[in-house]
Amino acid sequence: MRKKILIKNIKLLVQTRPDTTLKVSGKRMAEINTISNSYISVKNGIIDDFGSMSDYKFNEKEYFIIEASGKMVFPSFCDSHTHLVYAGSREIEYIDKIKGLSYEEIAKRGGGILNSSKLLNETPEEILYQQSLERINEIISQGTGAVEIKSGYGLSLKGELKMLRVIKKLKENTELIIKSTFLGAHAVPYEYKNNRTGFVKHVVNEILPKVAEEGLADYIDVFCDKGFFTVNDTDKILSAGAKYGLRPKIHANELDFSGGVQIGVKHKALSVDHLEYIGDNEIEALLGAETMPTILPGAAFFLNLPFAPVRKMITVGLPIAIASDFNPGSSPSGNMKLMMSLAMVNYRMTAQEVINAATINSAYAMGVSNIAGSITIGKKANLFITKKIPTVEFFTYAYGSDLIDTVILNGKIYTKN
Ligand code: NIG
Ligand code: FE
């Protein structure tokens, strides 16, 4: 780790916040604070100072200097919902989908999550780790500095422990901030085909205690949706998780008005994610709650789902977070910049709103907004320097361009090109 880094002559330092701001809601999502012609200094991987070049007083010999004229500095993206530990890929289903089969139809034919589960259970832990590490390196180069990763392709004690151990190893061996989520109830496996309730019991009584005993999970998740797990199943699993101190972050309302949002809020979920089916009752439940509504624009795009009513949600005062859902079935991309462009076009969010949604609010949605998600003294210096760009809006407008030049994570500098 380089001890001291100084970035100077920054065209625009984006998303500066006091340490008291842990999320932004409603109208405040339209504002980001910026400082033009600025500097930022990093010491031991932590943001030490920042400000205008007019206040620049440093003994440059003590620092590794990065010149950033014409470039912008952003806090790294926080991707609060991914399934990036998976085996292989599922491009054949993608073709089935294009031919017209629905997500549920593919799942019923033994495709979907069950397909990934079979592959995962057959793949040795070391290979799974290597495949996942490649994805981690890809998202680092795309500007992500914190990521939540779920289990959920095990659907068995052995498979779940394997996934969660891989996540633990990624935490230990990479510079990213990583949170892990136990998603035991992601789909009903073949062995429990006509016995969903039996599988829920297995998750609660056999898998969860082992996961908790090894300290492998930070959070707990359930796929609470039509054709997967009911509100009642979710209630049972989240209650059992609470006994081990696991706060929920759940899949809700992707395929129907499933009751997922309400049961998530009831269990004080940190976030409820997907939200394609949101009506007045769901909005009512979310207002005043500590739960972050999180949209996954990649999944809605890739599966051709309806889009969450984000404008309405922001107008009534709710916060919104954006995550990638990086997974082999519904969103085979962890590119947060692309997710932000999709959110602007498909949900009619502004550039400022998507920046808040992909930094401070998504940091909140994974429980790290005290250490990440904004340019704040004392937070981790996970940030990136853009290429030369004319405006903040250009960053997401040029939706297919790689505009990230240099990434800094935990004091380590990754220079591209
Ligand atoms: O978030 N919705 C449930 N789970 C994943 C899909 C996982 C898969 O298809 O492999 C999602 O979209
Ligand atoms: Fe997901």
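How far apart do the C-alpha centres of domain 1 and domain 2 lie? In this predicted model, in which local features need pLDDT of at least 70, side-chain atom pairs count only at pLDDT 80 or more, and totals for chains, interfaces and linings use all residues, residues are numbered from 1 along each chain as its sequence is written. Chains are lettered from A and ligands numbered from 1 in the order in which they are written, and side-chain values use heavy atoms, with hydrogens and water left out.

The C-alpha centres of the two domains lie 29 Å apart, where domain 1 spans 5-75 + 374-415 and domain 2 spans 77-365, bounds that come from an automatic or database domain assignment. The contact (heavy atoms within 4.5 Å) takes 36 residues from domain 1 and 35 residues from domain 2. Between them the domains bury about 2,700 Å², 65% of it on carbon and sulfur atoms, buried area being the accessible area (1.4 Å probe) that two parts lose on being put together, summed over both. On the side of domain 1, K23, M29 and T396 lose the most area to domain 2, together 25% of what that side buries.

S362 is buried, with a relative accessible area of 0%, where buried means under 20% (1.4 Å probe, protein chains only). Residues up to four places away in sequence not being counted, S362 touches C78, S80, A321, I322, N356 and A357.

Definitions and conventions. Buried means under 20% relative accessible area, exposed over 50%, partly exposed in between (1.4 Å probe, protein chains only).
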